[in-house]
Amino acid sequence: MPFRKLIVGCVLLAATAQAQQKRPNIVVIFSDDHAQQSISAYGSKLMQTPAIDRLAKEGALFSNSFVTNSICAPSRAVLLTGKYGHKSGLIDNSAGRRFDGSQQQIQKLLAAQGYQTAWIGKWHLQTLPQGFQHWHILPDQGHYYNPDFINMNNDTLRHEGYVSTVITDFSLDWLRQQTAADKPFFLVIGHKATHRTWIPDLQEFGAYDSVQFDLPATFYDGYTGRRAAQEQDMSIKQTMLLDYDLKVNADFDKGWMYRRLNEPQRQQLKKYYSGVTASYEKVKADSNKLTEWKYQRYLKDYLATAKSMDRNIGRVLNYLDSAGLSNETIVVYASDQGFYLGEHGWFDKRFMYEESMRTPLLMRYPKHIQPGTQVPQLVMNMDLAPTLLQLAGVPVPADIQGKSMVPLWQKKSDTNTWRSSLYYHYYEYPEPHRVAPHIGIRTAQYKLIFFYGPFEQWELYDLGSDPSEMKNIAQLPAMATVKASLQQALLQLARDYEDKEAVQLLQKALVTTK
């Protein structure tokens with residue numbers, strides 16, 4: 001009998017191992033502040049992103065992908081929990097607010113089903129990771145050159161090199177260890193790029209110096225009828241700093257950002273940015289020329305930083321190919337939110353307007369997604385967790401607020417019941433950029449935003465006729481019926497997602513409006 005039990009036990013273990021082998025590996029490449037409009041797969045004319053574009057050609061591009069709240073740490077919490085910030089407990093980037101790592105997270109659910117799990121790179125959740133079997137993270141925002149990392153022993157150690165490359169090196173080292181394992185793996189590669197301040201790798205210096213970028217059509221936006229846009233502090237003209245952001249007359253010897261540079265790095269940065277300072281001297285006396293010069297310099301550094309990251313994403317894809325893992329591995333590319341590349345005269349994010357609410361999302365899984373798939377439905381960053389869980393064969397907990405996107409590329413009949421509107425809530429005010437807190441709803445045609453806090457104002461946009469959101473039509477009598485309908489729909493979404501603060505704010509505002 002003991003021998004028979006042993007045989008049965010071995011058979012069961014073998015079956016379990018075989019089932020686990022059938023589960024897909026998962027690699028999520030998660031960047032910071034990477035705008036859709038800088039990715040050639042999304043039609044960018046600013047630069048080419050060949051590695052990211054591979055995912056679109058070989059998998060799916062989500063053309064209408066949005067965030068719940070355009071801010072860094074809360075978006076990472078959304079990735080892990082599949083829930084809005086008011087549910088995960090992380091609604092902004094404030095120093096005193098920390099992510100509760102004890103709560104349900106995707107890596108814990110995957111690990112319970114036999115996955116090896118890791119997070120490598122930028123973490124930015126003000127706590128150490130929980131539920132990962134391996135992690136190697138940047139403290140806070142991290143540095144572009146010779147960054148510190150916190151390891152599993154809670155030691156903080158400096159590593160020579162450029163941050164995108166170092167993160168990729170660590171990620172490839174971990175992946176190589178999984179190749180010989182019998183378990184599927186889940187890896188998040190958290191890039192620092194393209195976060196402010198933008199410093200590319202040495203080999204990308206000057207990559208776009210010969211390019212004169214066209215000004216966005218909305219660059220000289222006057223913000224008529226939009227008080228929140230008038231009162232923000234995130235403009236290229238006023239907010240972007242010459243020394244901090246653009247490295248004009250930067251102190252590469254004693255400045256706090258550059259103390260970690262080794263001597264060859266220091267000399268190359270000095271040489272390159274001395275030329276930038278010289279070009280600044282030629283335009284500094286003319287206000288308009290200076291503003292446009294700042295825009296050009298901003299894009300040259302931002303895009304070169306993105307180029308460094310895309311090159312390293314290519315290294316990961318090439319490794320999966322060489323290791324024979326590509327067909328068995330889901331690869332996701334996403335950013336924590338969108339970003340302004342001069343639209344409305346801005347940099348940064350936060351607003352519910354299109355450039356910051358939109359975020360790149362691409363996914364490759366050869367066994368399930370046809371090459372060149374386009375997904376036009378309205379999806380959100382909170383949909384990624386339930387999608388990956390379903391693809392991994394892991395039950396999706398009922399309290400996850402996102403929806404699995406699998407039916408969208410399978411083109412099943414239940415896509416008819418897919419969401420027709422998006423809910424958004426931004427909180428962080430007044431610092432660092434004085435963007436008033438707001439709640440909003442976006443449909444295929446309209447966007448309604450309610451700003452609250454320092455003032456109250458409704459904004460309404462017809463995205464069909466005004467895709468750049470330049471004309472607030474909330475007060476037009478002809479739009480009264482549309483506005484009232486959207487107000488009620490927004491209130492219902494706040495109730496459906498159990499955002500109690502928003503429900504109270506909206507109920508009060510709607511009574512006042514009447």
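**Close-up 1. A network of salt bridges links D33, D348, K349, R350 and E428.** Here a salt bridge is a side-chain nitrogen of Lys or Arg within 4 Å of a carboxyl oxygen of Asp or Glu. Searching the whole structure turns up 34 salt bridges. Please keep in mind that this is a predicted model, in which local features need pLDDT of at least 70 and side-chain atom pairs count only at pLDDT 80 or more, while totals for chains, interfaces and linings use all residues. Residues are numbered from 1 along each chain as its sequence is written, and side-chain values use heavy atoms, with hydrogens and water left out.

**Close-up 2. K122 and D32 pair up in a salt bridge.** The closest N and O atoms of K122 and D32 are 2.5 Å apart. K122 belongs to strand β4 (residues 116-122), whereas D32 sits in the loop between β1 (25-31) and α2 (50-58), so this contact ties together parts that are 90 residues apart in sequence. Helices (H or I, at least four residues) and strands (E, at least two) are DSSP runs, numbered from the N terminus. Both partners, K122 and D32, are buried; that means under 20% relative accessible area, with exposed being over 50% and partly exposed in between (1.4 Å probe, protein chains only).

**Close-up 3. R311 forms salt bridges with D201 and with E204.** Let's start with D201: its side chain meets that of R311 at 3.2 Å, N to O. This pair links distant parts of the chain, with D201 in the loop between β8 (185-190) and α7 (227-231) and R311 in helix α9 (residues 287-322), 110 residues apart. In the pair of R311 and E204, the closest N and O atoms are 2.8 Å apart. E204 also lies in the loop between β8 and α7, 107 residues from R311. D201 counts as buried because its relative accessibility is 8%, and E204, at 4%, counts as buried too. R311, at 28%, counts as partly exposed.

**Close-up 4. Helix α13 covers residues 480-496.** Its 17 residues reach 24 Å from the first C-alpha to the last, close to the 24 Å expected at 1.5 Å a residue; the expected span is 1.5 Å times one less than the number of residues. Which residues of α13 are buried? They are K483, L486, Q487, L490, L491, L493 and A494. These residues cover an arc of only 160° around the axis, which puts them on the same side of α13; the arc is that of the directions from the helix axis to the C-beta atoms. After α13 comes E498, with a positive phi near 60°.
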